[in-house]
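Please look through the sequence and the model before reading on, and keep both at hand while you follow the report.

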Amino acid sequence: MSVQGKALARKPRKKMGIDRKRSLEAYIFLIPWLIGICVFFAYPIFTSIRLSFSKITSFKGLITEWVGLTNYEYIFFYDINFVPTFLQVVLDTLLNTPLCIVFSLVIAILINRKMVGRGFFRTAFFIPVLLGSGYIMKQLLGMGADGTTITTGIMVPRLIADLLGVSITEVVQGFLDRITVVLWKSGVQIVLFLAGLQGISGSLYEAAKVDGATEWEMFWKITLPMITPIILMNIVYTIVAFFTDGTNPMVDYIYKMNFTNQMYESAAAMSWIYFIFALVLCGAAILLMRRHVYDSGSKN
Amino acid sequence: MSTVTAKGGGRKSKAARIAKTFSLRLGFYFLLCALSFIFLYPFITMIVKSLMTDDDLYNITVKWLPSQATWSNYDIAFRRMRFKAYVWNNVIVCGVATLGHILSCSLTGYAFARYRFRLKNFLFALVILMMIVPVQVIIFPLYKQYSDWGWLNTKNILSFLPLVVPTFFGMGLNGGFFIFLFRQFFMGLPYEMEEAARVDGCGPIRTYARIMLPMAQAPLLVCSVLSLVWHWNDYFEPGVYITAPAYRMLPSVLPNLYALLNQENHTMIQVNELEGIVFNEAMLMAATFLCILPILIAYLILQRRFMEGVERSGLTGM
């Protein structure tokens, strides 16, 4: 090859070399995670999918036999608990997620103002996270497996209950209970919203104020559009948190199927139905929100 | 509109305005206090109940203030749940797991934020999938896997392996979330630092360890606090993997205590080790409070910096 040709070829070739080198560096950084995702994630998922379509013939080495959709048939048509529990969880998620988002946004906006006792309120709203994900919360919420209640939610005061009558009080009480539960689970969402609100440039509000906008208008025209990415993130987080939560009856049931009833194949099938629903819900949220999400123009 | 009224009675409207802002402010604080009461409600109930005597518990007129505070509940709960023994298990597991998350997730997040490589989008989709797949879905295969490796029923300190090892590989409790957190943060940093380091002949790993990581204090703090809290409260995985009583974690002791209480429908239960002492709801609440006390103290110390950390970590700048 002539000298000239070499000189011409050098530039693109060298650039590719750099790219490849950088790519290699990236993979060095990723080694631990790549090992982890194969061993602790991909392989168990593969096993779980395989299990849901088969029957275990021998536990040693987990030898299985392909049975097609039998397990799925079983959980839908023979298991009397699965469908009602599943529907309950679906309903709960669909009701709780919007409530959670709205309430945590309102609370975040309230405690984002300059005021006396800001530190106290911020701590107060984060306390449920500390109590949070564990058994403690499950018991305090009165959702213990055997139905014992240590603490019931906020009650409708007796006087008001007398005025409203039984049926209305029940509805109000149900709503209050739901809100209480939802509020206790929105600690992380509030923190994320707070961080998002801090990120909105103050000059936008100043400009709006100069133009004579009221606070109400500023909320709809500035705060809400600017915070849409976090709303989306929180929706996904909330759905996932509700789904993986220990207080969730479906999770409990899958656990029981696995370790009490030892019906591993059906449990695997259940997990997949359950997971696919979570995925569909998150996907739907992302698709619905996508066109409304504010893009600051920063390139990923 | 305002100009007309202002001319008519300037002083009066000013007073009205002050009254209006004052009442608005009052309403605002009222709303906040009401909301924070709901948030603190389980917490307050827990503390109040834990101080009650047996008589107070069954006296319906005593709802909030115990007639006299008794600290002996804490003493009994402390001994009953073998707090001293179990708290170290918790400290060890949470400490090591948090360390694992900090190391592995920051590394992975950095690679995703700063490098372009083949299959990047696919691999990042896997991170998102990690966040969405609940551990309950894959718990049985994981259990089987650990059992095949001889990590279960070891009856020594190795019992903690299934809880701790995955965190060093970026997995474990909410590993995907932490990777995402670090990625978001590193994406927001300027490239000049790394370029300068590269020009000066600094290798990629040293650049990461000496330049990028020290700048990442905000997400490191957020990751530590959340990982610590989540591991501390988690009872699902420890409940599945750890069977030896000596290596139980604090939150997985609680279900036993609750079961103990429910057994005889909130009536007298003789506790063998503490002869003649009735285990009641107050002691249960004391035990529950003791369970979260260390993490509560840790949070109260780190609270201000944690909040700042969340704000600075760029998590919200999708």
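## Where the two chains meet

The model is a predicted one, and it is described here beginning with the place where its two chains touch. On one side of this interface stand 71 residues of chain A, and they are in contact with 68 residues of chain B. Helix α1 of chain A, which covers residues 3-52, gives the largest share of the chain A side, namely 18 residues. When the residues on the chain A side are sorted by class, 47 are nonpolar, 20 are polar and four are charged.

## Chain B as a whole

Chain B contains 15 helices and zero strands. Of its 318 residues, 43% count as buried. If we take the contacts in chain B between residues at least 6 apart in sequence, 79% of them join residues at least 24 apart.

For chain B, the domain assignment gives domain 1 as residues 2-72 and domain 2 as residues 77-312. These domains touch through seven residues of domain 1, which are in contact with eight residues of domain 2 of chain B. On the domain 1 side, the elements that give two or more residues are α2 (10-50) and α3 (54-58) of chain B, and the largest share, four residues, comes from α2(B). By class, this side of domain 1 of chain B divides into four nonpolar, one polar and two charged residues.

For chain A, the assignment gives domain 1 as residues 3-52 and domain 2 as residues 75-290. Here four residues of domain 1 are in contact with six residues of domain 2 of chain A, and the domain 1 side has two nonpolar, two polar and no charged residues.

## The nonpolar core

The largest nonpolar core has 150 residues, and those with the most contacts inside it are A:F193, A:I239, B:V229 and B:A287. What is A:F193 in contact with, leaving aside its neighbours within four places in sequence? Its partners are A:S104, A:L105, A:A108, A:I227, A:I230 and A:N234.

## A pair of crossing helices

In chain A, the axes of helix α3 (residues 82-112) and helix α7 (residues 166-184) come within 9 Å and cross at roughly 65°. The crossing of α3(A) and α7(A) is right-handed. From α3(A), the contact is made by A:L95, A:N96, A:L99, A:C100 and A:F103, while α7(A) brings A:R178, A:I179, A:V182 and A:L183. By class, the contact of these helices has seven nonpolar residues, one polar residue and one charged residue.

## Two loop residues with positive phi

Most residues other than glycine have a negative phi, and with that in mind two residues deserve a look. Phi of A:Q262 is near 55°, a positive value in a residue other than glycine. A:Q262 is found in the loop between α11 (249-259) and α12 (264-290) of chain A. Is A:Q262 buried or exposed? A:Q262 has 11 other C-beta atoms within 10 Å, and it therefore counts as exposed, given that the cut-off for an exposed residue is 12 or fewer.

In chain B, phi of B:L119 is near 65°, again a positive value in a residue other than glycine. B:L119 is found in the loop between α5 (83-114) and α6 (120-132) of chain B. With 12 other C-beta atoms within 10 Å, B:L119 is exposed, because a count of 12 or fewer is what the term requires.

Notes
Residues numbered from 1 in each chain as written. Chains lettered and ligands numbered in written order. Predicted model: local features only at pLDDT ≥ 70, side-chain atom pairs only at ≥ 80, totals over all residues. Contact = placed C-beta atoms within 7 Å. Nonpolar A, V, L, I, M, F, W, Y, C, P; charged D, E, K, R; others polar. Buried ≥ 20, exposed ≤ 12 C-beta atoms within 10 Å, placed from the backbone. Domains from an automatic or database assignment. Core = buried A, V, L, I, M, F, W, Y, C linked by C-beta atoms within 7 Å. Axes fitted to C-alpha atoms, helices over the stretch in contact; angles between N-to-C directions. Left-handed = near helix turned anticlockwise from the far one by under 90°.
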